[in-house]
Amino acid sequence: MKPFQLLIKPVSYDCNLRCEYCFYLRIGDELYQDITRPRMSEEVLEAMISQLLSYRFPESIFGWQGGEPTLAGLDFFMKVVSLQQKYGESGQVVGNAFQTNGVLIDENWAKFLYKYRFLVGLSLDGPKQIHDRYRHSIGGKSVWKKVMRAAELFQRYNVQFNILCVISRANVNRVEEVYKFFLKQGFNHMQFIPALESDEKGNKAPFSVNPNQYGTFLCRLFDIWKQNPNRASVRMFDAVLSYYLGYPKGECTFEKKCAEYLLVEHNGDVYPCDFFVQDKYKLGNLLETPLSELKQRRASSFEKRKVTLSEDCKNCKWLELCFGGCIKDRIFQANPHPEKTYFCDAYKQFFDHAANWFQSQARQIRLMNKRR
């Protein structure tokens, strides 16, 4: 069996923030409207962990997201580690990734995340004025200081973390300000994701960015970053360089196939991806059907969508860098060209702008490796 990972929603859509561009809050209205406080039970947790570890993959990766996973409580994640130790064998590699808004992070959380080597993603969109534009508490109040406090604790306790920055109307034209702010804070691992959602009428939501804005953002960010590329790791740029070095990109958006994982909801329901948590995409429930079979169902249905490309994509010179982008950006309601990603022009703009530099860097790296 080909290895796969789990992306887990232990509290489903539940969150202590109300970020205006959050796409997962709708899950509460669409699927779990009768559940006010969704939490993963010990039965589901133990079944999930025992099944994945029983496959003895070289690496077994558990990704914890939300909503906000810290709402499950520290005791829940202590139980996670205990079960992983119970069902894992000596020498078996188990990894945990953890995406958080940072609001509830305290010293106990930081010590735990360091002790068990969780890789943490911290959501932060830039300086206070930018971050507060779309990310705030349920009551509309700023949480920026709490997020910065979380980052401080991560640094103090040597927690491995990266910054997940959503590119929206708040920061798309403030590239240099955002990037330099992150560097000044000592945040040297960054991931930038474009906001793209529809409003109730099916039109592009006001916070979303268009292809020209996103393409220009990437080019400007690249020009600043390449002045000293060793200062920071930017996930998309790492992916492009990896491609030219002959390695997997490690970036789901640009791979030929969707990443090998399953989305597990709080009650054990399994879906192919967190962007496709809908009844029509449901694969089953892990309490009733083994994860291995659910993965086979995903492979026989959902995974074919990524490799189904338009003629424009097949004839594009950047095909092997992009492979049509993310499926969810193709089916975006306001996409004028639904046969390809909404951000097609953005990616072309960026690849045209930066590819020669990446190719040159790859040649230099290969030459250096030969001399060693």
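User: What makes the residues around Phe358 its contacts, and which are they?

Analyst: In this predicted model, a contact needs heavy atoms within 4.5 Å. Leaving aside neighbours within four places in sequence, Phe358 meets that rule with Phe222, Trp225, Phe237, Val240, Leu241, Tyr244 and Phe350.

User: Where does Phe358 stand in the largest nonpolar core?

Analyst: That core has 105 residues, and Phe358 and Trp64 are those with the most contacts inside it. Helix α15, residues 344-371, gives the core its largest share, nine residues. In soluble globular proteins, nonpolar side chains tend to be buried together.

User: How do you know whether strand β8 is covered on one face or both?

Analyst: Look at the residues on each side of β8, which spans 261-264. Tyr261 and Leu263 are on one side, Leu262 and Val264 are on the other, and all are buried. Both faces are therefore covered, since buried stands for under 20% relative accessible area.

User: What makes β1 and β8 a pair, and do they run parallel or antiparallel?

Analyst: Pairing takes at least two bridges. Strand β1, residues 5-8, has four bridges to β8, and the two run parallel. Leu7 stands opposite Leu263 of β8.

User: Which bridges and turn link β8 with β9?

Analyst: Two bridges join β8 to β9 (residues 269-271), in the antiparallel sense. That count meets the rule of at least two, so they are a pair. Val264 has Val270 in β9 as its bridge partner. The two strands form a hairpin with four residues between them, and Gly268 in the turn has a positive phi of about 95°.

User: Why is His131 called buried?

Analyst: The relative accessible area of His131 is 0%. The cut-off for buried is under 20%, so His131 falls into that class. His131 is in helix α5, residues 128-134. Not counting residues up to four places away in sequence, His131 touches Ser123, Leu124, Asp125, Gly126, Val143, Trp144 and Val147.

User: How many disulfides are there, and how do you know?

Analyst: The count is zero. A disulfide needs two cysteine sulfur atoms within 2.5 Å. For Cys219, the closest cysteine sulfur is in Cys344, 14 Å away, so the two are too far apart for a bond. For Cys322, the closest is in Cys313, at 6.5 Å, which is also too far for a bond.

User: Are Cys219 and Cys322 buried or exposed?

Analyst: Cys219 has 8% relative accessibility and counts as buried. Cys322, at 10%, counts as buried too. Both values are under the 20% cut-off.

User: What stands out in the backbone of Arg56 and Asn158?

Analyst: Most residues other than glycine have a negative phi, and most peptide bonds are trans. Phi of Arg56 is near 55°, a positive value. Arg56 lies in the loop between α2 (42-54) and β2. Phi of Asn158 is near 60°, also positive, and Asn158 is in the loop between α6 (144-156) and β5 (161-167).

User: Where is there a cis peptide bond?

Analyst: The bond joins Gly66 and Gly67, with omega about 15°. Gly67 is in the loop between β2 (59-64) and α3 (74-87).

User: How do you know that the radius of gyration agrees with a compact globule?

Analyst: With 372 residues, a compact globule would have a radius near 21 Å; the protein chain has 20 Å, so the two agree. The C-alpha atoms fill a box of roughly 60 × 50 × 45 Å along the principal axes.

User: What share of the residues counts as buried, and how many helices and strands are there?

Analyst: Of the 372 residues, 54% count as buried. The protein chain has 15 helices and 10 strands.

Key: Residues numbered from 1 in each chain as written. Predicted model: local features only at pLDDT ≥ 70, side-chain atom pairs only at ≥ 80, totals over all residues. Heavy atoms only, no water. Buried < 20%, exposed > 50% of the residue type's maximum accessible area, 1.4 Å probe, protein only. Rg over C-alpha atoms; globule rule 2.2 N^0.38 Å. Core = buried A, V, L, I, M, F, W, Y, C linked by side-chain atoms within 4.5 Å.
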